[in-house]
Amino acid sequence: MELEATEQRILDAAEDLFYRQGIQAVGMDAIRTASAVPLKRLYQIFPSKNSLIEAYLRRRDARWLRDLADYVDTYDAPAQRILAVFDWLFLWFNEPDFRGCGFINAFGELGATSQEVADIAKSHKDAFRRYLADLVAAADAPTWLTDQLVLLAEGAITTAAISGSPEPARHARDAARVLLPVAHAAASPLPEQAVALAHNPAPVSPGDTTR
């Protein structure tokens with residue numbers, strides 16, 4: 001229990017500093033000070049800064065996806081659950097410490113030199129896409145809608161981080177709301193008459209220039 005509490009205290013300090021200041025700008029001494037855990041004890045739990053970075057990202061991944069799902073689960077209607085993703089993003093963007101996606105930030109800093117960081121970032125984005133794909137399937141929408149929603153969400157996250165405004169979440173929600181009926185219409189089967197006509201087009205009379 002004591003080990004777990006100390007580990008969580010270290011991770012809390014690391015997450016705050018890594019996310020707020022950047023991973024490369026923060027040394028283990030700063031984490032020792034912020035966590036009030038002696039440096040020797042810190043290295044016993046996390047033998048290297050890399051191991052601490054990976055633990056920080058994995059814990060953030062699990063919590064981010066859980067918080068999103070918990071919010072979306074407060075809605076029942078399948079279409080509303082999709083739009084709720086963007087409502088949750090709006091709430092996240094309004095948090096005072098919001099600095100964009102921690103996984104994009106980490107990949108930008110270390111993705112070229114750390115395969116572990118690159119893999120965790122990719123795994124996080126893949127998990128988010130799978131979550132959206134499940135929501136799309138539950139709404140009986142075509143699978144192509146998933147990638148459209150991913151782009152809307154990811155674009156909103158990046159734009160909000162750079163602009164300092166939460167409004168990209170609302171803009172992305174508006175776009176998703178427009179896409180939903182379009183997707184359903186595209187997925188709807190053609191009426192029987194249209195299907196029959198497609199398979200058996202009416203013959204063209206000689207001299208008929210209207211077709």
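Tutor: Let us begin with helix packing: axes are lines fitted to C-alpha atoms, for helices over the stretch in contact, and angles run from 0 to 180 degrees between N-to-C directions. Keep in mind that what you see is a predicted model.

Student: At what angle do helix α6 and helix α7 pack, and how far apart are their axes?

Tutor: Helix α6 (residues 102–110) and helix α7 (residues 115–138) pack at about 155 degrees, and their axes lie 9 Å apart. Angles over 145 degrees count as roughly antiparallel, so α6 is roughly antiparallel to α7. Their crossing is left-handed, and the contact involves F103, I104, A106, F107 and L110 on the α6 side, with V117, A118, I120, A121, H124 and K125 on the α7 side.

Student: Why is α5 described as largely enclosed by the rest of the structure?

Tutor: A residue is buried when its relative accessible area is under 20%. In α5, 12 of the 16 residues are buried, so the helix is largely enclosed by the rest of the structure; among them are R81, D87, W88 and F93.

Student: Where is the kink in α5 centred?

Tutor: The kink, of about 25 degrees, is centred on A84, which is itself one of the buried residues of α5. From its first C-alpha to its last, α5 (residues 78–93) reaches 24 Å, close to the 22 Å expected.

Student: What covers the buried residues of α4?

Tutor: The buried residues of α4 (residues 49–72) include Y56, R60, D61 and W64, and what covers the buried residues of this helix includes α1, α2, α5, α6, α7 and α8.

Note on methods:
Residues are numbered from 1 along each chain as its sequence is written. This is a predicted model: local features need pLDDT of at least 70, side-chain atom pairs count only at pLDDT 80 or more; totals for chains, interfaces and linings use all residues. Side-chain values use heavy atoms; hydrogens and water are left out. Helices (H or I, at least four residues) and strands (E, at least two) are DSSP runs, numbered from the N terminus. The expected span of a helix is 1.5 Å times one less than its number of residues. The bend at a residue is the angle between axes fitted to the seven residues ending there and the seven starting there. Buried means under 20% relative accessible area, exposed over 50%, partly exposed in between (1.4 Å probe, protein chains only). Angles under 35 degrees count as roughly parallel, over 145 as roughly antiparallel, 65 to 115 as roughly perpendicular and the rest as oblique. A crossing is left-handed if the near helix is turned anticlockwise from the far one by less than a right angle, and right-handed if clockwise. Contact means heavy atoms within 4.5 Å.
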